[in-house]
Amino acid sequence: MDFGLTDEQEMLRKTAQDFVTKTCPPETAKRWDEESVLPPELLTGFADLGWFSLPFSVEDGGEGGGPIELALIAEQLGRASFDVAMCFIGVLIPAMTVHRWASPEQRQWVREEIMTGKHRLAVAISEPDSGSDAAALRTAAVDQGDHYLLNGQKMWCTGGGQPNTTIAMYVRTGPREPKHKGISLLLVDPTLEGVDVRRTPTLARHILGTTEVTLTDVRVPKDRLVGPQDGAWKVLLSNLELERVLLSGGYVGAAQATLDEMLQYSKEREAFGRKIGEFQSLAHAMADLQVEIDSARLLTRRAAWMLAQGMSCSREGAMAKLKGSETYANAARLGMQVMAGHGFSTESVMSFRYRESIVTTISGGTSQIQRNGIARSMGLRPY
Ligand SMILES: Cc1cc2nc3c(=O)[nH]c(=O)nc-3n(C[C@H](O)[C@H](O)[C@H](O)COP(=O)(O)OP(=O)(O)OC[C@H]3O[C@@H](n4cnc5c(N)ncnc54)[C@H](O)[C@@H]3O)c2cc1C
């Protein structure tokens, strides 16, 4: 494994860094969060830089980029805020999943609408009674010949309430047992009659917003089925490893920016006639944090590299997701201590980091679920 970046990768990293500086520095991301807005220029900016088409093959209208390049972009966007990174990851991953299993017409739609940034995708798996146990989902889609009739409720659909959005929704088309069978993926237009999308009030992640989607006798045309009917569990899993790699890329960027912010503060703020960064208790804590961040970054790069070699990174991706998210949460907690009263003010970027970091060990699969996967790869059977 090569730890260095190629010239092209370094250029991409720099482009993403410059994009954040110009378009969405952390103070701007914080304001978007407070105002609950997703500025269109963010998504068009991603599309103009070719990032939504990056991983697709040249024949499919893409640029043939791989997991390492995508993780580099996620890391730089994470420096603005993890929510900003999600504006990229949350569209790209479902686009790749849909594209992989799509009909030729659906593939064309992804090329013309999603890769260009005109339209976006959100994902709905979770429900009020099923989160970690995703396969226990119940939202019913009954085959009615030329359409499916949907009834049920989805929770936590990130960005489901944004304009020009289609929801990639996992629904039950078959019996509830065995639970991994009988699941299908449908592309649901949230403006259809019978769909009610409500923003869920949350502590953070307000740029995209998380939504509750209620479905009452919703008629979804048959041509919105993606992949095999009743066989979508493997569709759902098909990009899970890449998703974890990109999430951890975002966490690493956010954690590094958090450390950089507290470090700068600790070099300026004085107490008892010294810079506070000179107090060994704080200096050691920040040194330990840099070790944590570098560990998370290396785990992310390793998992990305494995995917780029065509290898599975089920265990390594879970390790990266676990370490990255916990490192960001630890970083923000330490940042609050270092910045003390100044951090506690909701005017500080640190308070924003603190709010949004808490959910990273929950969304995208909780830390316990990552540990279960890692333990299973060690021959254990955790319950
Ligand atoms: C901000 C945010 C954005 C989200 N975005 C989306 C989205 O876009 N689309 C979507 O479909 N979902 C989304 N989710 C849902 C997310 O995937 C779930 O919240 C997550 O999987 C956990 O499910 P839960 O909240 O129902 O918790 P539960 O599954 O009820 O878990 C509760 C607790 O029990 C623990 N637990 C559960 N099972 C086990 C086990 N087997 N072993 C050990 N511990 C266990 C969990 O780790 C947790 O601590 C989002 C959630 C949040 C908060």
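Between domain 1 and domain 3 there are 12 residue pairs in polar contact, both residues being at pLDDT 80 or more; a polar contact is a pair of N or O atoms within 3.5 Å, of which, within protein, one must be able to donate a hydrogen and the other to accept it, while residues adjacent in sequence count only if both atoms are side-chain atoms. The elements that give two or more residues to the side of domain 1 that touches domain 3 are α2 (26–35), α4 (67–80) and α5 (82–101), and α5 provides the largest share, 11 residues. Helices here are DSSP runs (H or I, at least four residues), numbered from the N terminus.

This is a predicted model, in which local features need pLDDT of at least 70 and side-chain atom pairs count only at pLDDT 80 or more, whereas totals for chains, interfaces and linings use all residues. Residues are numbered from 1 along each chain as its sequence is written, and side-chain values use heavy atoms, with hydrogens and water left out.

The rule also finds three salt bridges across this interface, a salt bridge being a side-chain nitrogen of Lys or Arg within 4 Å of a carboxyl oxygen of Asp or Glu. The side chains of Arg297 and Glu75 meet in a salt bridge at 3.0 Å, N to O.

Domain 1 and domain 3 bury about 2,400 Å² between them, with 66% of it on carbon and sulfur atoms; buried area is the accessible area (1.4 Å probe) that two parts lose on being put together, summed over both. Of the area that domain 1 buries against domain 3, Lys30, Arg79 and Phe82 supply 27%, more than any other three residues.
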